[in-house]
Amino acid sequence: MTQIKKELYIKLKQISSREATIFPAVVMEVDGNVLTVDNGGVEYFNVRLQPTDSVMKGQRLVPKVNSIVLVERVGGDDSNELAVAMFSELDEYTVETDKVKYKQTAGGFDLVKQNESLKKLMKDMLAEVKKLTVQTNTGPSSVPINLAAFTAIETRIDNFFL
């Protein structure tokens, strides 16, 4: 753990206690929608990323392993149900509505509306531009003379999106 993370953990620990409804913890493992966290030697399993299991859309934040999170009890002070209330570092950020989904990771991002991805849309358009020919008085032209530039743009698109 870096010095800054240690300091953050200590400060958050100072304003809370084990009996509190909110406490700091270090992320040990991420498994789907639940985490395993450590609070000063005490491990908590099945800590939810969202307060309820029924939330299917909305905002989803996935913390990095070894990052610090604030965990809160949901359902009252004596409840054993836990959920993450705050994140110090993220591996993934997703926002989803009925028709649109935005996902971001260290590898890039993706934007999907219904079944149409922005990446696929851009690549399809580029593929058609690369096939472009024009009618001239001597017949149809050949492929664009800057085909290599379009291919380079296609590689950049692949690197930019997930």
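**Exercise 1. How do strand 8 and strand 9 pair, and over how many bridges?**

Step 1: Find the two strands. Strands here are DSSP runs of E with at least two residues, helices are DSSP runs of H or I with at least four residues, and both are numbered from the N terminus. This is a predicted model, where local features need pLDDT of at least 70, side-chain atom pairs count only at pLDDT 80 or more, and totals for chains, interfaces and linings use all residues. Residues are numbered from 1 along each chain as its sequence is written, and side-chain values use heavy atoms, with hydrogens and water left out.

Step 2: Look at the pairing. Two strands pair if DSSP finds at least two bridges between them. Strand 8 and strand 9 (residues 108-113) are antiparallel and share 6 bridges.

Step 3: Check the link. With 2 residues between them, strand 8 and strand 9 make a hairpin.

**Exercise 2. What is the strand order of the open sheet of 5 strands?**

Step 1: Go to the other neighbour of strand 8. Strand 7 (residues 90-96) pairs with strand 8 (residues 100-105) in the antiparallel sense over 5 bridges. Here Glu 96 has Lys 101 as its bridge partner in strand 8. These strands also form a hairpin, with 3 residues between them.

Step 2: Move on from strand 9. It is joined to strand 10 by 2 bridges, and the two run antiparallel. In strand 10, Ser 117 is the bridge partner of Val 112.

Step 3: The open sheet reads 4-7-8-9-10, with antiparallel pairing. Its edge strands are strand 4 (58-63) and strand 10, each pairing on one side only.

**Exercise 3. Which residues of helix 2 are buried?**

Step 1: Start at the N-terminal end. Ser 117 caps helix 2 there, with a side-chain oxygen 3.2 Å from the backbone nitrogen of Lys 119.

Step 2: List the residues. Buried (under 20% relative accessible area with a 1.4 Å probe, protein chains only; over 50% is exposed, and in between is partly exposed) describes Lys 119, Leu 126 and Lys 130. Seen down the axis of helix 2, these buried residues fall within an arc of 40°, so they line one face of the helix. The arc is taken from the directions from the helix axis to the C-beta atoms.

Step 3: Ask what covers them. The cover includes strand 10 (116-117) and helix 3.

Step 4: Zoom in on Lys 119. Its relative accessible area is 17%. Leaving out residues up to four places away in sequence, Lys 119 touches (heavy atoms within 4.5 Å) Ile 157, Asp 158, Phe 161 and Leu 162.

**Exercise 4. Why do the buried residues of helix 3 line one face of the helix?**

Step 1: Name the residues. In helix 3, Phe 150, Glu 154 and Ile 157 are buried. Seen down the axis of helix 3, they fall within an arc of 60°, so they line one face.

Step 2: Recall a rule. An α-helix has 3.6 residues a turn, so residues three or four places apart point the same way.

Step 3: Compare the two sides. The buried residues of helix 3 pack against helix 2 (118-130). On the face turned away from the buried side sit the exposed residues Ala 148, Arg 156 and Asn 159.

Note on methods. Polar contact = N/O pair within 3.5 Å; in protein donor to acceptor, adjacent residues only side chain to side chain.
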